[in-house]
Structures are given as C-alpha cells and as structure tokens.
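Me: I'd like to go through the salt bridges here. Can you walk me through them?

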Amino acid sequence: MRHGHGTQAYPDGSVYEGKWQCNARHGNGCMRYSTGDIYEGAWSDGTPCGNGVMGWVDRSGCFYRELYKGEWKAGCPDGSGVSTYMAMPKDCLLGSSSTPLVTPSQYAAPAEALLNVYVGAYRRGQRHGRGIFYYADGSCYEGGWAAGVKSGEGHFTSAVGEVREMNATSEQEAEAAEEAVAALTLEESPSSVVPSVSPHGLGNLLETEDDLQVTMHLLLLRYNTTLKTLFKDYSHRSAHVALPTTRSDWWQHRLPGRMTLTQCLCLLHDAHILGSRFSIGAALRAVAEVLRVEAETWKGARAATTLAATLTLVNEAEGTLNYRQFCEWLIRVAVTVNGGPTCTTVKAKVSALLDGSLSRASGASSRAVATTFLPNSLQHTEDVQHHLSSLKRCYAELQSVKDGGRYGVSLRSCLTAMKGTLAKCQISSACVLEKLAWLTDESESRYRTAPNAKTVAEEPSLAQEMVTSAMARNRQVQQLDKDAGTEQSFVEFVETVMTIVEVARHRGCTNVDALLVDLQRRLFAQ
C-alpha cells in the first residue's frame with residue numbers, strides 16, 4: 001500500500017510525485033499528465049482538493065493556454081481563484097519545443113502574450129459569484145456570475161474608460177450591454193477615440209473646470225498616439241521595475257490592459273522627473289487623487305470599501321491603472337511638476353511634459369528606481385520581505401494616530417516614534433535625513449555647498465568666512481526642517497527604516513532582525 005512520499009508512473013505516461021495516504025494521492029503533490037498539463041498542490045482521496053495550481057498546455061507545448069490558481073474541491077475549481085487565458089499573436093507564434101515547461105506556479109507569460117484574466121469566485125469548475133474579468137483589449141467586467149456566465153448587477157468598463165452599469169439576467173443581455181459601451185467609443189474613427197478624464201481640482205482663476213474639460217479633450221486628441229505608445233511600452237516592461245517591497249511574482253500575476261504603479265514610477269524615472277522635487281510619494285499621491293475623483297461616481301457601499309482598499313495598495317505601489325486613469329494621472333503630474341512664466345496653463349504644462357522629457361522616455365534604457373531612491377531597502381531586500389507584514393502594520397499604526405488624517409506619514413512623525421531606537425544607537429534625526437536617497441536628486445548634493453569660482457579665487461576674510469558658514473548652516477537647518485515635514489509613501493517609509501538599520505549597522509548594531517523588532521515595538525507603542 002502506498003503511504004507517505006513517493007512517485008507513481010502510470011501506463012498512459014502520466015507521473016505523480018508527492019504524498020500518499022491509504023493508497024490514494026493525499027497531501028501535497030504534483031501530477032504531470034500525459035497531455036503535458038500539470039497540477040501541483042493539495043490532494044484529498046485521489047483528487048485535487050484545497051489550494052493548487054493547474055496549467056493546461058497549448059498544442060505547441062511552448063506555453064500554457066490556461067492557468068488556474070486558487071481553491072479546489074472534488075477535482076474542480078471551487079472557491080476563490082484566478083484564471084489566466086493566454087494566446088500568442090500570429091507574428092509571435094512559437095514552434096513546437098522538446099524542452100518541458102516549468103511548473104505552473106513558476107510560469108510567467110511572455111510579454112507579447114495576449115492575456116484574459118478572471119479574478120473571483122468559482123463553483124464546481126465554473127465562474128459563480130462575484131468576480132472581475134479583465135479582457136486583453138483593456139476593458140473589464142466586474143459583477144455577478146452564475147454557472148459560468150455574467151448574471152445580476154455589475155458594470156462594464158471599456159478600453160478607454162467608459163463605464164456602464166449592467167443588470168443582466170442572461171449572457172446575451174450582458175454581451176449586448178458591453179457591445180453598447182464599445183459602440184459609444186467607436187462612433188468616431190478609431191484613431192480619435194480618447195478617454196474621458198476629469199479636471200476636478202485642476203481649475204483656477206484663469207481656467208475653470210468647464211474650460212478645462214474641453215482643453216483636456218483636445219490635448220488627448222493631440223497626444224493620444226504618444227500616450228498609447230508609452231502605456232503599451234511600459235506595461236510590457238519587466239526589467240528594473242520591481243521595488244524591494246514588490247511581491248516577487250508580480251510579473252506572473254499581471255493584468256491585461258493595466259500598467260502597474262511600479263511601471264509608472266519607472267516611466268517617470270526614465271524621464272528624469274522623479275527626484276527631491278517630485279518624489280515617489282508625490283507620484284503615488286497623484287494616483288490616489290485620480291482614484292478619489294473617479295470614486296465620486298461610484299454607488300453605494302462599493303465607493304467606501306473599494307476606495308479604501310485601493311488607496312492602501314496605491315500607497316504600497318502595488319496597484320494598477322487602466323488607460324483612462326493613466327492619462328489623467330500624467331496630466332496631474334504635468335500640472336504639479338511644470339510651472340514658471342512659460343507654463344501657466346494646463347495646456348502648456350501638459351504639452352511641456354509630453355513634448356519634452358516624456359517624448360524621450362520610451363526609448364530610454366530603464367534604470368532601477370530602487371537603485372537610485374531606495375538603495376538601503378534594496379540592499380536589505382530579504383529583510384524587507386521577511387518583515388513586510390510587520391512594517392505594513394507599523395505604517396498603518398502611524399497613519400491612524402497622527403494628526404490631520406493625511407494620505408501618508410510625515411517623516412517627523414516617523415522619526416519621533418523611533419527616537420528611542422535612534423538614541424539607543426546614537427543616531428540623530430538630521431543624520432537620517434541627510435542619508436535618505438529619495439530626498440536627494442541624482443544630480444545634486446543638497447547638504448553640501450560647493451564654492452563657486454569667485455569664492456575660490458578670492459581670499460575671504462575671517463568675518464566673511466564666518467558669515468558664509470553661518471548662512472550655509474542656516475540653509476541646511478531650514479532644508480532639514482522642511483524635509484522632516486515630507487509625507488512618506490509606504491515604500492519611502494520602508495527606506496527610512498532600512499536607512500536607520502544601515503546607519504546603525506555601521507555603528508556596531510549588526511543584528512538587523514533585533515534592530516527591526518525593536519523599531520517595530522517602539523512604533524506600536526506610540
């Protein structure tokens with residue numbers, strides 16, 4: 001009788017390796033079927049039951065045409081799960097391969113693959129309950145399902161962000177509603193189809209929000225091709241994208257028609273926009289504003305619960321944007337980063353951004369955001385991932401107790417909460433601020449005053465030297481005080497913590513785990 005761990009080869013060529021109990025597959029195991037399909041996960045009495053991953057192989061044997069990861073019962077998907085359906089474009093079709101595919105849990109679809117993804121509930125192998133279906137063209141349906149088809153209340157979002165509420169009693173009704181939304185966006189020529197973005201909060205004495213509605217529509221007509229190219233290029237980019245806080249399998253679980261926030265940061269970094277004047281946190285706050293404005297159109301409890309969860313993901317740089325949200329986000333970025341006498345209107349600011357730095361970003365070789373702005377987190381990535389849950393709780397705790405209820409956590413609040421650990425390691429708050437890479441532009445050293453040619457050439461008097469030194473020190477103190485009020489996103493908060501860890505390590509506190517535990521204990525004590 002088979003019992004314990006073992007391998008069984010079957011006459012049809014299938015092979016099972018894993019746990020057995022009373023002569024039946026029971027426990028964790030991997031079945032490689034003769035067709036090439038693979039299931040890995042939990043078994044009970046000979047059938048998949050529990051959490052598992054299944055991959056169905058394309059006839060070429062080069063990729064999985066379908067992947068399912070989630071809960072199983074009696075050999076069928078049942079419970080919460082994610083299904084990814086893959087196809088390759090005709091110009092990217094792969095020939096047959098004799099090299100076996102990696103297991104489904106390790107597989108990542110090629111960047112050029114066309115993906116459709118369902119995230120939601122299953123019953124007896126069919127979509128049933130609440131779920132979201134992301135289509136390859138960037139559109140999506142979120143709502144009810146029954147026996148594998150759309151049913152009940154839901155809403156469909158087109159590829160350019162047009163939304164329509166649905167209440168279908170049959171698949172035919174649901175498809176008709178989706179086609180109606182698509183038809184709204186195709187009344188004009190396809191090349192002129194642009195998303196509708198909101199000017200909320202961008203109006204001023206010179207430009208009312210009503211005026212801006214027309215202006216922004218014309219801007220999107222003008223730059224639609226540029227924006228779509230940027231969106232496509234960066235949503236397919238995987239190299240130099242992940243942050244130390246990003247889950248390691250993010251590329252495996254990407255969604256079609258969506259750009260991750262880390263890819264958005266990569267775009268700004270390639271365009272030399274990220275820096276001390278426009279930080280990672282500022283970029284994420286612009287995303288949060290887009291989502292807040294959009295949420296004002298939502299109905300019922302969905303507005304409160306969904307928005308809160310989404311904003312938490314945004315703060316952790318874990319969310320995604322569709323094309324409409326991406327366009328509105330870039331407009332808000334342009335309004336924030338561009339100014340001066342030549343850029344007084346939204347039109348001028350957006351044009352300056354898209355005709356300037358962003359026009360060169362798509363062809364730039366990506367540089368890692370983490371290398372430049374989060375070097376200490378990057379150096380201690382394993383420690384960050386190990387303590388990630390605790391760090392999230394610490395950040396949430398600081399958010400809940402600080403005054404103002406703002407989106408992020410100020411550096412001053414963070415350093416005040418950590419003052420016990422800083423004193424223990426003999427580290428000043430100023431030392432931490434000076435070493436935070438995300439507060440410093442790559443091209444500048446903000447806390448050093450380099451003498452100019454005139455100063456070098458002349459021999460200053462002692463009094464002049466004292467005045468110059470005092471002025472430089474005063475500017476430094478003012479800058480440090482200003483920086484202390486900066487709001488941190490979660491990823492910047494983690495970098496602040498890991499910068500303290502790195503400074504402490506150089507001062508003899510070499511036990512990183514103990515230091516992090518002490519930091520977390522003091523944060524929770526606030």
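Reply: Start with glutamate 328 and arginine 332. They are four residues apart in helix α6 (residues 323-337), so about one helical turn separates them. Helices here are DSSP runs of H or I with at least four residues, strands are runs of E with at least two, and both are numbered from the N terminus.

Me: What do glutamate 328 and arginine 332 form?

Reply: A salt bridge, with the closest N and O atoms 3.3 Å apart. The term means a side-chain nitrogen of Lys or Arg within 4 Å of a carboxyl oxygen of Asp or Glu.

Me: Why does a spacing of three or four places matter in a helix?

Reply: An α-helix has 3.6 residues a turn, so residues three or four places apart point the same way.

Me: Are glutamate 328 and arginine 332 buried or exposed?

Reply: Both are buried. Buried means under 20% relative accessible area, exposed means over 50%, and partly exposed lies in between (1.4 Å probe, protein chains only).

Me: Where do these values come from?

Reply: This is a predicted model: local features need pLDDT of at least 70, side-chain atom pairs count only at pLDDT 80 or more, and totals for chains, interfaces and linings use all residues. Residues are numbered from 1 along each chain as its sequence is written, and side-chain values use heavy atoms, with hydrogens and water left out.

Me: How many salt bridges are there in the whole structure?

Reply: Nine.

Me: Which residue does aspartate 270 meet in a salt bridge?

Reply: Arginine 237, at 3.1 Å from N to O. This pair links distant parts of the chain, 33 residues apart. Aspartate 270 is in helix α3 (residues 261-270), while arginine 237 is in the loop between α2 (209-235) and β13 (259-260).

Me: How buried is that pair?

Reply: Aspartate 270 has 5% relative accessibility, so it counts as buried. Arginine 237 counts as buried too, at 17%.

Me: What about the rest of α3?

Reply: Ten of the ten residues of α3 are buried, so the helix is largely enclosed by the rest of the structure. Just after α3, histidine 272 takes a positive phi of about 60 degrees.

Me: New topic. What do arginine 505 and glutamate 502 do?

Reply: Their side chains meet in a salt bridge, 2.7 Å from N to O. They sit three residues apart in helix α18 (residues 490-506), so about one helical turn lies between them. Arginine 505 is partly exposed at 31%, but glutamate 502 is buried at 8%.

Me: Which residues do shared partners join into one network?

Reply: Glu294, Arg324, Glu328 and Arg332, through salt bridges that share partners.
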